[in-house]
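The sequence and structure are shown first.

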Amino acid sequence: MAQLPDGVKLTWLGHATFLLDTGEARILIDPWVQNNPACPDDLKDLGSLDAMLITHAHFDHIGDAVQIAKATSPEVIAIVETATWLGSKGVEKTIDMNKGGTVEVAGVKAHMVHAVHSCGITDGDQILYGGEAAGFVIELADGFKLYHSGDTAVFSDMELIGRLLEPDIALLPIGDHYTMGPRSAAEAVRLLDVKTVVPMHFGTFPVLVGTPEDLRREAGDVDGLEVVDLDPGGTLGG
Ligand code: NI
Ligand code: MN
């Protein structure tokens, strides 16, 4: 299994929310914490944050973004339209970007990549245009790369992400219904050519039926694949 570099910790807060501690900086991906039913209560106090990366604007990814940003004042990276909306809600240190681009923040490089999903922002009783859903390849100082796909279906250009950015570890949704399920996620593993996968976006709601065991079975042909079966609150590395 791809070991995280020394001193780097990745904690799954449940659903698609992860806290990456590089040893130098604390980076929250998809801030859904206080209202995330899968997040253990003892992890809901995040402490200080240096950056927040947002894949898309659905409530289960940005539900606590404004509150957390105001409390911890991180740099907040999102696609242009969603970043602009967050700014309109009083989030101060937004960095808007778009797919294909790379932004250096908190000692890492955040490469924004494609995702096949929607991105409406629920604002009161309206759904506003939030740009497009995206994923991130996060490149640590020593070159180690983590891919958080965000919510997505499988798409053949995952092969391009694999070729250009060569992620060492992939965080992939497997729940089905709103994202790919285990069979599609197994194809994503083949396209990306990754050997370490952390399943996410499953089990939170009854409709998210995919399981890590299903992914293991569907990807049984992939030599050397490790499906890292974390529980919410579980940590890799450290
Ligand atoms: Ni979504
Ligand atoms: Mn989602």
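With which residue does Arg217 form a salt bridge? The partner of Arg217 is Asp214, and their closest N and O atoms are 3.4 Å apart. A salt bridge here is a side-chain nitrogen of Lys or Arg within 4 Å of a carboxyl oxygen of Asp or Glu.

## Basis of the model

This is a predicted model, in which local features need pLDDT of at least 70 and side-chain atom pairs count only at pLDDT 80 or more, while totals for chains, interfaces and linings use all residues. Residues are numbered from 1 along each chain as its sequence is written, chains are lettered from A and ligands numbered from 1 in the order in which they are written, and side-chain values use heavy atoms, with hydrogens and water left out.

## Metal site

Donors are N, O and S atoms within 2.8 Å of the metal (3.2 Å for Na, K and Ca); water is not among the atoms, so sites may look incomplete.

Distant parts of the chain are linked by the pair His117, in the loop between strand E8 (108-114) and strand E9 (121-123), and Asp151, in the loop between strand E12 (145-148) and helix H4 (158-165), 34 residues apart. Helices (H or I, at least four residues) and strands (E, at least two) are DSSP runs, numbered from the N terminus. Asp151 also coordinates the manganese ion (ligand 2), which is 3.2 Å from the nickel ion. Asp151 is buried at 2% relative accessibility, whereas His117 is partly exposed at 24%. Buried means under 20% relative accessible area, exposed over 50%, and partly exposed in between (1.4 Å probe, protein chains only).

Helix H5 (residues 182-192) has buried residues at Pro182, Ala185, Ala186, Ala188, Val189, Leu191 and Leu192. Their cover includes E12, H4, strand E13 (169-173), strand E14 (196-200) and helix H6 (212-218). After H5 comes Asp193, with a positive phi near 60 degrees.

The largest nonpolar core has 57 residues, of which Tyr147 and Leu172 touch the most other members. H5 gives the most to this core, with six residues. A nonpolar core is a set of buried Ala, Val, Leu, Ile, Met, Phe, Trp, Tyr and Cys residues joined through side-chain atoms within 4.5 Å. Beyond four places in sequence, the contacts of Leu172 (heavy atoms within 4.5 Å) include Tyr147, Ala185, Ala188, Val189 and Leu192. Another core, of 22 residues, lies apart and includes Leu13, Ile54, Ala65 and Val76.

## Salt bridges

The whole structure contains ten salt bridges. In helix H5, Glu187 and Arg190 are three residues apart, about one turn of the helix, and their closest N and O atoms are 2.7 Å apart. Glu187, Arg190 and Asp221 are linked in a network of salt bridges.

Arg217 and Asp214 are separated by about one helical turn because they are three residues apart in helix H6. Arg217 is exposed, at 54% relative accessibility, while Glu213 is partly exposed, at 47%.
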